[in-house]
Each structure stands twice: as C-alpha cells, then as structure tokens.
Amino acid sequence: MRVSYFAYGRALALALLVSTTITYGYAQAAGAAAPATHFIMPDGPGAHAAVAPLTATQHQLLHDRLLALRHQVANQKPAVSAGPQAAMLTAGAPETSVAPLSAATAALPAPGALVIGRNKAYPIIGDGRSDTAEPSLANSGNHYWMTMNWNRGFSNDGGSTWTAQADDSGPADAPFFCCDQDVVHDHGRDVTLWSNLYVNSNLTTGAIRIFVRQNGNLADKCSYTFDPGPGTLLDYPHLALGNNFLYLTTNNIVNGGWAGAEIWRFPLDAMYQCQGFNYNFFTWTGSVGQVVWTPTRGATDTMYMVTIENASQLRYFHWAENSNTIFWTAPVNVNASNFGQATCIGGLSGNNWMADPLSTSAIGFQVRTTVAQDHGTQYLATYYTVAAGGSFNHPQAYAAGVIARTSDFAILKTPDIWNSSSCFGFPDVTSNARGDIGLTIAFGSSSSGGGPAQGYVSISDDFTNSGSSGFFGTVFLVASADDNSSRYGDYLTIRQQEPVDLAFIATSYTLLGGGVNVRAVEFVRGRYDKGYLDRRAK
C-alpha cells in the first residue's frame, strides 16, 4: 500500500523545527516538535510488482549506483566546521589490545573470561554474495534470521544449517530489491521483523517493506510497505525496538538532494497481529547539512538518536514512548575528530578497506549508540569511525567513543577504541539486561600496510581493564581474513541473545580464500556461561 505522507509530513516537520544556539558543556532539551501521524494497512497482492529477481551482477551494478548517489548527495554538504576549541573533556582511553579466540571455552571458564558460545558460518548464496556484506542477525533461541547483500535465510538449529528465503519484488514504482536489510526480534511477543529496501531502475524512488515473521521462522505472517511515491528515495533504513514500538530510521533523498533524516514509530502489538494502525514519523533537517541517524540499541521507554554537528559536537534526540513530542539538545561538546578519508592498507591485495570517505564522514553513516547503565547511572554509549588524529592524535583510524548521561546529556567519558599499530572501524554496540555493552567491530591494516581487516567482539563491564562505562580493554577474533575489499560496507550488527539476555549475538564478516566469510557469533561473560548453556536453545 502506498503511503502518500511525504509532502504533508515534511511540511509539518520543517514548520515545527526551532532554532538552537550552541552551548558549551551539556544542555537540556533545546527544541521540540510533534511528529506527524498516518495510517497504514498490511500489504495486499498489489504491493508486489511482477519483476524477475535481479542477478548478482545486476545487484552489484544497482548497489554501485546507489553508492554513487550517496556520494553525490554527500558532496552537497558544506565543509564540516571545527566546532568549539574547548579543552579535551576526559583523559585518553587506554589502547585497545587484540587477542585470538579466547581459550575460555573450557567447562568452567573464569568469571571474567569472554566465552564464544557459537561461531557459525552463514553460507546462503541467494541472489549473490556481496563483498560489502553488511550482515544483520536476530534470534529466538535456536531460530536465527540473518541477512546480507543480497540474500537472507533462516536456521532452526542455532546456525548449523540454513534455509534460503527467496527474494521478492517491491511496489510498482520501486520494484527491485536492492540492499540494506535489517532484522530485529521482539522476545516478549516472539515476533521477528525484517526490512528490505526497494528501488526503481534510475534510483529516483525507494520504498521500504517490513515483514512480520511468525514463531519458528516458518513463514512471513504479513508485511507493510512504506512508499512515499515517485521522486523520493527512502535510503539507509535501520530498525530498533522499544518496549511497545518498532522504530525505523531513513536517509531521505529527493531529486538528487538530501531531504532529511527521518524516524518512524510503529506499534508492536498491532504489527504482531497484522492489523492496520496509526504511526508517527518525524523529519530532521537541522542547520549543518546532511546528517544520518540510526535508532539506539537497548531502548526501553525512550528512543534516542545521535547526530554529528561538526568536528567536536554531537546532538542528542529523545522520544519517550508515552509522548507525542520529540526533543533534541543544543550541540554538546565532545573531543574533536578528524572526518577525513582514512588509510588502512593491508591483506593480499593491499587494498584500503576504508577507502570510501563515507566510512569516516561527519554525515554519520557510522554512528551507533546503545542505552546502558553503570552503578545505577543510565547513559548513552555512542561510537563512530573516524580517521587518524583527533584530540588525542591517535595514529590509526579508530572508533571515537562518547558516554552521555541520559538525565542531562552531560558527557561523562570519551572511551575511544584505538590501537597504535592498526585500524579499528565499523563498530556496533548493544547492552545486555544488566546494562553491560557488547561490541562487534573490524580491526586490521594500517596507514603504512599490514594484515587484513578481521572481525572481533568484546564486552565492556566491571571486568574491563578501565572499568565499565564503554571502555573495551581487549577485542577477540571471531572472523579470520586474508584480504581487504576496497570498501568494507556500512555496518555490522549486534543484538541481545534471546532468551539469554545477558549474552550477545552478533554478525561479523571478512574476505577469506577468495570468498566472503560471514559469521553469526554468540558470546557471553564467563560468569553467565552456565545459564547461557542451559537456556540458549529454549
């Protein structure tokens, strides 16, 4: 079903934006708006155009053209300003070390050990396997649902065997499945929700379909198609859950130019039952040009988003589930970052896996945030890939880290994930049921050459060398590699493992042996391993 919301929603959103002034330190909410409302019903037969699935080559060509469009739009953004020249906010984070697969998989691992519970290959070919895999994953016990470019599949035995899910077609004005899939699982309702991006052949129109998948991965129960109509491309969709809503964020492109960062809020109870429902959406354009946001992991009764304002400031958005108003702060000071192109050369080919300047851009394709807590203090932990340099003059590309208290958005710490000899990039984070943070990230190569980019995971909690609150002392190898691509992609994915909500489930991927090594990884702190083993398949 087409949703002709766009013109009305954008006009309302822009009319409600209020101006803000730059402040130093932290700031309470500096602006507010009422998101627009629309109604939608589940898809009927007319939502699917009768087109043949694309081949791997056709997918690659379409994906390359979408990347070129993203660059075209990004080049319209004004140069990033330096921001306030304030002193560094916190002491530097210690260097993050790297370790092989942990030996703590023994029968009785040490309480502080990081235990790899499962590390399964994802073999689905589908319509092809892109070197920029962009894998996503969610689970319910042994039931996995996993995607990458350009395929998707499920496993009902914890990743030991897999079944491919065939591609389908989008609406008539955006019939071709492109890329950028995402998936979440709501454990309380036992429902899996996954999204696809569909486009037309000239990339002027893009629609998003969200599928509602019933218990046991047996079949899609229904779907909802969000189609703004010809001329609007809803790009870069990402999903996250709150207590009662599913959230979708998009990067909107109209007539080859940026038209705003958008967030959509859908009621989970109605979606689970495949009913029609009213939903809200809000569009942000701000004053600094294009920004991209994604919904926060680990949210409960409030959803958060974070945007980069300039080289040394972030802006925080918050939307309570019991409110029809979204709020945002004035820009908040953080340590300065270098958003220039990074150089991370290595592997058999010597490729630079961060050659794409969007990988380290202030536009924000790499910004990832989770709600977490430390000794009763709830905070947002935000990480984003940046080039070498910054306030602490880190010698290689790294993941800048910022810890902001949710009560007032005061910056508490800046736990960068960095290494003196090799590059870090593409972090994703989420919290477990106790507020500890799990991490999936890529690491390898350097500005002067070295080994390939490989996949690693880690946990930040009271066992971390520097305490909790977002520091990662050591990362552990889960995806081996022998080569680099010239563009890593846009994202990895991490979620709480269900039903063991103290454990994590994540994706990782690399290039290995001339192919794409995509992994589904479960990991947990050693003190929770017995409970994890007892319950992980239930």
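**Sheets, a buried arginine and a pocket**

Author: In this predicted model, an open sheet of 4 strands runs in the order 5-6-7-8, with antiparallel pairing.

Reader: What makes strand 5 and strand 8 the edges of this sheet?

Author: Strand 5 and strand 8 (163-164) each have a single partner strand, so one side of each is left without a neighbour in the sheet.

Reader: How do you know that strand 7 and strand 8 pair?

Author: Pairing requires at least two bridges between the strands, and strand 7 (residues 151-155) and strand 8 are joined in the antiparallel sense over 2 bridges, so the pair meets that cut-off. Within this part of the sheet, F154 stands opposite T163 in strand 8.

Reader: What is the order of strands in the open sheet of 5 strands, and which strands stand at its edges?

Author: The order in that open sheet is 3-30-29-28-27, with mixed pairing. Strand 3 (97-99) and strand 27 (423-431) stand at the edges, because each has a single partner strand and one side of each is therefore left without a neighbour in the sheet. Neighbouring strands of this sheet are turned by 30 degrees against each other on average, direction ignored.

Reader: Why is R189 called buried?

Author: A residue counts as buried when its relative accessible area is under 20%, and R189, at 16% relative accessibility, therefore falls into that class. R189 is found in the loop between strand 9 (176-186) and strand 10 (191-199). Leaving aside neighbours within four places in sequence, R189 is in contact with N243, N244, L268, D269 and Y272.

Reader: Which residues lie nearest the centre of the largest pocket, and which strands each supply at least two residues of its lining?

Author: The largest pocket, with a volume of about 590 Å³, is lined by 31 residues, of which L241, G298, A299, Q496 and E498 lie nearest its centre. At least two lining residues each come from strand 5, strand 9, strand 13 (232-241), strand 23 (368-374), strand 27 and strand 31 (494-496).

Reader: What is the make-up of the lining of the largest pocket by class?

Author: The lining has 9 nonpolar, 16 polar and 6 charged residues, with Gly counted among the polar ones.

Methods
Residues numbered from 1 in each chain as written. Predicted model: local features only at pLDDT ≥ 70, side-chain atom pairs only at ≥ 80, totals over all residues. Heavy atoms only, no water. Axes fitted to C-alpha atoms, helices over the stretch in contact; angles between N-to-C directions. Buried < 20%, exposed > 50% of the residue type's maximum accessible area, 1.4 Å probe, protein only. Contact = heavy atoms within 4.5 Å. 1 Å grid on protein atoms, 1.4 Å probe; cavity = no way out; pocket = protein on both sides within 12 Å on 5 of 7 lines; lining within 4 Å. Points joined across faces, edges and corners; volume = space filled by probe spheres on them.
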